[in-house]
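Please give a brisk account of this structure for someone seeing it for the first time. Cover the chains, their contact and the domains.

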Amino acid sequence: MKIYLKIWRQKDANSKGGMVDYTMDGVESDMSFLEMLDVLNEELVAKGEEPVEFDHDCREGICGTCSLMINGRPHGPDSRITVCQLHMRSFNDGDTIVIEPWRAKAFPVIKDLIVDRTAFDRIQQAGGYISVNTSGLPVDANAIPIEKDAADASFNAATCIGCGACVAACKNASAMLFTSAKVSQFALLPQGQVEAADRVMNMVRQMDLEGFGNCTNTGACEVECPKGISLENIARMNREYLSATIKG
Amino acid sequence: MSGLIKSSLARKYVMALSGLFLVIFLVLHVTINLASVISPDFFNEASHFMGYNPLVQFLMQPILIAGVIVHFVMGFVLEIQNKRARGISYVKFQGSANAPWVSRNMIYSGLVVLAFLGLHFYDFWIHEMAYKYVEVNPEDPTRYYAETVEKFAPIWRTVLYVISFVLLSLHLWHGFASSFQSMGVNNKYTPGIKKFAQAFAVVVPLAFAFIAIYHHLNPITH
Amino acid sequence: MAVLESKVPSGPLADKWTKHKNEIDLVNPANKRNIDIIVVGTGLAGGSAAATLAELGYNVKTFCYQDSPRRAHSIAAQGGVNAAKNYQGDGDSVYRLFYDTVKGGDYRSREANVYRLAEVSTNIIDQCVAQGVPFAREYGGLLDNRSFGGVLVSRTFYAKGQTGQQLLLGAYAAMNRQIHRGKIKSYTRHEMLDVVLVDGKARGIIARNLVTGEIERHAGHAVVLATGGYGNLFFLSTYAMGANVMAAWKAHKKGAHFANPCFTQIHPTCIPVSGDHQSKLTLMSESLRNDGRIWVPAKKEDAEAIRAGQLKPTEIKEEDRDYYLERRYPAFGNLVPRDVASRAAKERCDAGYGVNKTGEAVYLDFDAAIMRYGREKALTSGMKNPDDATVRKLGEEVVEAKYGNLFQMYEKIVDQNPYKTPMMIYPAVHYTMGGLWVDYNLMTTIPGCYAAGEANFSDHGANRLGASALMQGLADGYFVLPYTIGDYLSDDIRTGPISPDSPEFDEAEQNVRDRIHKLMSANGIHSVDYYHKKLGKIMWNKCGMARNAKDLKEAIKEISELRKDFWENVKVTGKAEAKNQELEKAGRVADFLELGELFAMDALHRNESCGGHFREEYQTPEGEALRDDKNFKYVASWEYKGDPSKSELHKEDLVYENIEVKTRSYK
């Protein structure tokens with residue numbers, strides 16, 4: 001396959017970036033999208049040019065590191081996968097592919113296609129945990145039975161990989177899906193109830209401080225989420241926040 | 001309270017609640033308007049009541065106006081904040097791949113509805129205020145029907161109204177159901193709520209449009 | 001030999017850990033505030049250690065090369081975590097878990113460490129549940145278990161196929177709590193480039209800020225390395241792309257022994273390599289072998305026709321298929337342990353029966369399972385004489401319910417429907433049992449330098465059992481290291497802050513800068529990946545699933561030559577003072593090029609077959625591993641002497657007082 005690429009190149013956070021065109025010959029349909037970029041980079045290195053930097057690590061769809069906007073969609077055209085699971089067979093000979101970094105004020109570009117997502121870490125640090133000591137608890141794991149449905153719903157919320165596709169897809173660059181997934185995971189478990197009110201208040205406050213946009217319920221995040229995190233989580237967070245506000 | 005407005009979630013609640021309030025107002029409005037097609041006398045009575053009842057005039061009307069203002073000011077604020085949150089825009093962005101047009105363009109449907117409200121205020125409310133408080137005319141419980149029908153005589157106004165109702169429909173199509181999600185309602189009833197809200201979004205603007213066209217086609221012949 | 005003092009406490013096995021905890025020195029809470037600990041790596045071991053140490057009161061700095069601690073590769077573990085809870089009442093106990101682990105490791109692990117691991121395993125589950133880890137539950141609301149890897153009890157706790165992710169997010173949450181309290185300072189996108197020794201003690205690290213390229217000094221009273229395994233030595237593996245041996249290797253060069261480097265786990269069920277462009281291999285869960293039958297064509301011409309694309313696997317008649325695991329191991333069949341299954345696949349492919357275009361793949365076939373489940377389902381739903389199509393449809397539904405997500409993942413990658421045609425699988429490098437030598441306290445041979453999780457060598461011997469890696473990482477981090485480190489730090493309460501301005505730091509930083517300069521200025525002709533792929537080929541072909549003296553000797557020579565070539569001809573683009581992924585890779589590959597040689601030396605010296613280490617010269621007439629307990633029942637611990645080839649071997653004899661040493665057989 002012959003593929004035409006338009007890739008965002010930016011030297012560092014302070015430089016101005018722009019789109020650069022590349023042409024790739026001999027792309028095989030069995031290649032993963034990132035392997036196609038590996039080949040491009042090998043060619044660039046051979047020419048003495050700087051390769052395109054992009055974030056990636058596990059390459060099996062679980063670490064949440066890879067983060068490319070491909071033809072205007074986070075993680076590319078296929079659903080329920082990350083970029084590293086996307087294969088070139090999803091494209092055709094002669095296609096032009098536009099590759100950009102996640103765009104959000106809260107995710108500044110570090111270099112080329114790499115963005116800084118530490119805003120997500122700070123949201124978690126504001127309250128995304130249960131305050132129990134890690135050293136030698138006396139409570140047996142089976143002391144508190146948890147309804148299977150609640151445990152499963154909690155798990156589903158907890159499968160968020162923190163990749164940021166929700167922010168990238170949202171026309172408002174809102175981080176509600178990410179934040180609500182964590183709020184929900186704990187809100188659904190008895191262990192998480194104790195701090196539920198503080199948690200949602202603190203996490204939302206941090207989310208706002210980071211400069212993410214507001215949620216307007218377009219649902220784009222849910223569609224593009226590689227793990228299928230549901231909008232129900234945002235509704236749950238809205239409820240939790242409302243009740244926390246009312247209770248003061 | 002100001003702290004509440006600083007929170008993105010609080011802004012969501014404000015949009016949702018003001019929106020829901022305006023939805024309720026629409027029900028009242030369309031009901032009275034439909035009377036103009038069925039029974040001009042009842043329409044006159046109802047309009048007169050609304051125009052001269054002090055509770056309506058000095059409590060509900062200001063609340064309504066405040067509701068409209070809050071809804072559109074907050075809408076603007078959100079739009080500006082949301083644009084800023086993106087920073088640099090994408091060279092290529094396929095919004096249509098993951099969200100319906102209506103949900104992504106609430107600001108435009110809202111702006112058209114707002115512009116319409118300007119015309120609508122000019123047509124009826126300003127006229128009313130002038131009639132009652134500037135010119136200080138005496139009460140006339142029979143004038144409303146004729147005044148209304150007359151407004152729809154020019155084709156341009158009727159067309160503008162109908163276009164606005166289409167945009168109102170689009171605005172409601174997303175906004176009505178969405179306000180439930182904003183208030184934290186997302187459960188087994190949600191598909192039903194969504195269907196109801198979408199039916200509402202079609203039926204109510206359609207009724208408004210029908211009334212406008214009806215009066216345009218049925219002028220009062222003296 | 002004084003350097004290899006394992007410090008295993010005396011007394012009965014079951015009391016050792018309790019006794020040890022009672023006897024070691026502690027640091028009082030007020031003094032902990034004056035002690036700084038550096039933790040490198042934020043996976044299960046590093047993340048949990050950092051959180052616990054901070055909670056105890058120490059000042060902790062964490063470092064990870066990822067953009068967030070949450071992305072460490074522990075996240076990719078699928079199956080589960082073992083714990084001797086005996087919730088199923090099926091006779092599990094701490095001893096049984098201990099026994100299974102030692103036996104599974106082919107009697108090459110340290111008895112006391114493994115017992116402690118089994119002992120604290122139950123705390124892990126309590127801890128994680130309290131933290132809000134959403135483990136799978138039964139309808140009664142209690143925790144569910146599955147069985148794993150051929151053991152006789154059901155002791156594996158799991159969260160669907162994402163157990164590693166959920167456990168890591170738990171440790172990350174515990175870290176976040178301490179970050180919020182200011183007790184942990186987290187440095188992300190930072191890579192440790194050297195450990196700094198002051199008066200022979202580990203007192204800090206030199207790290208590179210991967211965003212700006214700045215070289216930073218960080219001082220502390222102790223350094224904990226929880227940097228994972230070194231499977232990326234093979235280029236293709238199930239490891240994350242960035243996983244590397246740099247931290248462990250730098251510690252090794254500064255005096256930490258490297259133990260059993262050749263003990264590598266090769267997982268039998270991975271998606272095969274599809275071409276030269278391949279960067280990474282994907283694991284398909286071991287659970288698939290419960291229902292899948294593994295086979296290759298019995299006739300070579302059929303295999304050739306398949307490779308040429310002229311024949312489909314479904315067209316091969318039953319009698320022309322070779323279900324080689326069932327043939328060779330009738331008792332365990334398709335459920336033999338990982339090392340055995342991997343070697344058997346390699347043997348068939350080497351003999352010319354491999355099935356995909358590269359000739360390195362075997363079939364994992366669900367057809368029989370689909371039909372069996374379908375018939376069962378038809379029977380239970382009251383159908384009499386259903387036709388084949390109906391049975392197949394019902395069977396596919398059952399299989400989908402059990403393995404749907406794995407089948408979908410396979411289809412995404414390979415673009416074939418595994419319900420209709422057999423899956424292709426091939427073994428891939430997946431875990432390294434070897435690592436830094438540590439004593440019972442998890443301290444390396446450098447005082448004050450600790451190693452936890454996959455980075456150390458201690459618990460899995462020559463082969464790791466499924467669902468035990470997560471257990472070990474969390475046991476080390478939550479329950480072992482935070483206490484044992486106190487014994488060492490109790491001497492440091494009057495030391496005061498460690499200065500990063502000492503001559504030792506100057507020298508370490510200068511060395512790091514010189515090395516980076518050397519990499520940047522080689523200005524050669526080949527990319528870093530070129531060398532990494534070459535190294536991977538040597539490792540896979542000569543130090544892989546089956547090894548022999550001739551190959552290993554060649555490998556040692558070839559790796560050493562490749563290393564020389566690398567330093568002369570590598571081309572690293574970009575600048576050192578900026579984000580530079582080529583430079584990051586170059587530094588990692590340079591270390592692999594040294595470790596590779598030691599790996600081959602270790603494999604060459606170990607004249608026996610055990611666990612993941614199979615020497616062709618040492619096998620039974622039936623082709624099974626032949627262990628030599630008389631001569632090799634020891635930990636091979638290598639000391640660096642200026643060059644990998646000059647490394648000096650030390651031996652820690654393994655003593656089994658509580659377990660009978662037997663031959664593993666799966667016939």
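## Chain A

Chain A contains 9 helices and 7 strands. The model is a predicted one. Along its principal axes, the C-alpha trace of chain A spans about 60 × 35 × 35 Å. Of the 248 residues in chain A, 60% are buried. Among contacts in chain A with a separation of 6 or more, 70% join residues 24 or more positions apart.

## Where chain A meets chain C

How many residues of chain A are in contact with chain C? The contact takes 67 residues of chain A and 68 residues of chain C. Several elements of chain A give two or more residues to this side, including helix H2 (118–125), helix H3 (148–158) and strand E6 (109–111). Helix H1 (33–46) of chain A is also one of them. H1(A) gives the most, with 7 residues. The classes on the side of chain A that touches chain C are tabulated here.

| Class | Residues on the side of chain A that touches chain C |
|---|---|
| Nonpolar | 26 residues |
| Polar | 21 residues |

## The domains of chain C

The domain assignment divides chain C into three parts: domain 1 (35–263 + 433–490), domain 2 (269–429) and domain 3 (522–625). Between domain 1 and domain 2 of chain C, the C-alpha centres lie 34 Å apart. Their contact takes 13 residues from domain 1 of chain C and 17 residues from domain 2 of chain C. Which classes make up the side of domain 1 of chain C that touches domain 2 of chain C? That side has 3 nonpolar and 10 polar residues, and no charged residues.

## A sheet in chain C

Chain C also holds an open sheet of 4 strands. Their order is E16-E10-E18-E19 (chain C), and the pairing is antiparallel. Which strands are at the edges? They are strand E16 (435–436) and strand E19 (648–653) of chain C, and each pairs on one side only.

Strand E10 (258–259) of chain C pairs with E16(C) in the antiparallel sense, over 2 bridges. C:Ala259 has C:Gly435 in E16(C) as its bridge partner.

A helix packs on this sheet: helix H17 (581–605) of chain C. H17 of chain C touches E10, strand E18 (634–639) and E19 of chain C. The direction of H17 makes about 145° with that of E18(C).

Notes:
Residues are numbered from 1 along each chain as its sequence is written. Chains are lettered from A and ligands numbered from 1 in the order in which they are written. This is a predicted model: local features need pLDDT of at least 70, side-chain atom pairs count only at pLDDT 80 or more; totals for chains, interfaces and linings use all residues. Two residues are in contact if their C-beta atoms, placed from the backbone, lie within 7 Å. Ala, Val, Leu, Ile, Met, Phe, Trp, Tyr, Cys and Pro count as nonpolar, Asp, Glu, Lys and Arg as charged, and the others, Gly among them, as polar. Two strands pair if DSSP finds at least two bridges between them. Axes are lines fitted to C-alpha atoms, for helices over the stretch in contact, and angles run from 0 to 180 degrees between N-to-C directions. A residue is buried if 20 or more other C-beta atoms lie within 10 Å of its own, exposed if 12 or fewer, and partly exposed in between; C-beta atoms are placed from the backbone. Domain bounds come from an automatic or database domain assignment.
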